Amino acid sequence: MENTTIAASRWYRLIPVAFITYSLAYLDRANFGFGAASGMAEDLKITPAMSSLLGSLFFLGYFFFQIPGAHYAANNSAKKLIFWSLILWGGLATATGMVTNVNLLIVIRFVLGIVESAVMPAMLILLSNWFTKSERSRANTFLILGNPATILWMSILSGYLINSLGWRWMFILEGLPAVVWAFFWWRLVDDKPQNAKWLTEPEKQALAAQLQAEQQGLKPVKNYAEAFKSRTVILLSLQYAFWSIGVYGFVMWLPSIIKAAPDMDIVKTGWLSSVPYVLAIVAMLAASYFSDKTLNRKAFVWPFLIIGALAFYGSFALGPDNFWLSFGLLILAGGAMYAPYGPFFAIIPELLPKNVAGGAMALINSMGALGSFVGAYLVGYLNSSTGGFGASYLFMAGSLLLSAILTLIAVKPSGNNPVVETQPTFTKVQQA
């Protein structure tokens with residue numbers, strides 16, 4: 001891992017900026033759960049079924065524009081794409097606090113998903129231009145930490161804002177920072193190391209040589225169509241879809257689950273909703289560190305998904321009369337679901353060459369968005385139609401279990417898969 005000494009300044013110049021940017025994206029998508037748990041439904045006359053649809057519409061828009069965004073980021077500029085995305089999603093998030101009818105809210109939620117859809121693949125492509133194989137899981141993790149870290153403080157802040165100012169001002173005040181941050185992003189980020197004035201020429205050359213050397217061991221894949229037909233990519237897309245069902249069913253509806261407990265107000269709901277994300281941050285950092293240290297990705301993905309599935313099942317088995325024990329298991333489920341993100345998104349750049357890796361990550365992430373849509377909608381639907389949370393716990397547990405199984409089989413040898421022919425298992429890839 002000697003290449004970690006190349007241009008150490010990359011870590012403190014790029015990672016904090018990426019973290020803040022992705023944090024703002026999650027702020028503007030996850031706070032809807034707090035709006036739904038407060039007075040928004042009554043003010044806009046939103047039925048429980050419509051609330052489920054609104055919570056999930058974001059991910060439908062998110063689904064359709066992943067691959068075009070990744071293509072633009074890989075072939076043009078991730079920096080420019082994310083700059084305009086920040087301005088647009090901040091404006092749309094702020095507009096959520098100004099809506100007067102549910103039809104306008106439907107449009108805003110869908111378009112917000114479209115605008116944010118390119119951010120994740122563009123960020124992953126950007127980081128793959130700057131960080132090497134032995135660094136990539138940690139770099140990805142520091143990026144994706146923007147998810148649980150933001151939900152942690154957002155849960156507390158949103159509870160206080162709603163309690164003090166109402167749900168409208170919560171959306172307005174939490175949407176504006178993205179617009180302001182766009183201009184910081186533009187000044188602080190470069191698409192590639194060769195564009196950075198703060199790197200020395202020897203640093204640029206050493207980093208370019210290391211990244212180029214990592215491409216040499218990969219079998220060429222001529223275009224996206226060939227990559228998308230790979231057995232590994234298909235299975236990882238399905239894996240991420242099932243995983244995302246559990247994650248976003250949890251993220252979107254945890255405030256409502258907690259708020260339904262006896263003697264629970266919105267401020268207490270905010271504090272309790274933040275607790276699972278403390279564990280998530282610790283678990284993500286630990287998993288990414290040991291994944292990079294061992295260069296074993298698979299072993300730091302599927303066991304956590306199994307733990308998440310068992311925790312959800314345990315919450316179901318305990319039933320609604322044991323709130324605090326059930327909540328403890330939900331904390332465990334939340335931490336376990338988040339832990340594998342860094343290792344997971346380090347897999348594809350190690351299996352596919354650079355010309356198609358970004359598109360493959362976008363395809364996988366778009367299937368995750370489809371799973372997020374299903375999870376956010378069906379968990380809300382099951383909660384409202386059954387009058388409890390047991391059915392949704394079982395649904396999320398089953399989804400995570402399927403995701404763990406798919407992880408185990410995703411990279412077995414296949415004669416029809418050019419990626420797997422060259423790199424039959426995660427272990428062999430990392431040892432190559």
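Buried area is the accessible area, taken with a 1.4 Å probe, that two parts lose on being put together, summed over both. The legends below describe close-up views of a predicted model.

**Figure 1. The interface between domain 1 and domain 2 of the predicted model.** The domain assignment divides the chain into domain 1 (11-213) and domain 2 (217-412). Between them, the two domains bury about 4500 Å², with 75% of this area on carbon and sulfur atoms. Contacts across the interface involve 53 residues of domain 1 and 54 residues of domain 2. The C-alpha centres of domain 1 and domain 2 are 18 Å apart.

**Figure 2. The largest cavity and its lining.** Four cavities of 30 Å³ or more are found in a search of the whole structure, and the largest has a volume of about 100 Å³. Its lining comprises 14 residues, of which Y26, Y62, Y240, Y248 and N365 are the closest to the cavity centre. Helices α1 (9-30), α4 (48-64), α13 (231-259) and α18 (354-386) are the elements that each give two or more residues to this lining. The greatest contribution is that of α18, with four residues. Sorted by class, the residues lining the largest cavity are nine nonpolar, four polar and one charged. Domain 1 (11-213) and domain 2 (217-412) each supply at least three residues to the lining of the largest cavity.

**Figure 3. The second largest cavity and its lining.** The second largest cavity holds about 50 Å³ of space. Ten residues line this cavity, and those closest to its centre are F34, I151, S155, V251 and P255. Two or more lining residues come from each of α9 (146-165), α13 and α14 (266-294). The class composition of the lining is eight nonpolar and two polar residues, with no charged residues. As drawn from the two domains, the lining of the second largest cavity has at least three residues from domain 1 (11-213) and at least three from domain 2 (217-412).

Figure 4. T141 counts as buried because its relative accessibility is 0%, where the cut-off for a buried residue is under 20%. When neighbours within four places in sequence are left aside, the contacts of T141 are with M284, L285, S288, G342 and P343.

Methods
Residues numbered from 1 in each chain as written. Predicted model: local features only at pLDDT ≥ 70, side-chain atom pairs only at ≥ 80, totals over all residues. Heavy atoms only, no water. 1 Å grid on protein atoms, 1.4 Å probe; cavity = no way out; pocket = protein on both sides within 12 Å on 5 of 7 lines; lining within 4 Å. Points joined across faces, edges and corners; volume = space filled by probe spheres on them. Nonpolar A, V, L, I, M, F, W, Y, C, P; charged D, E, K, R; others polar. Domains from an automatic or database assignment. Buried < 20%, exposed > 50% of the residue type's maximum accessible area, 1.4 Å probe, protein only. Contact = heavy atoms within 4.5 Å.
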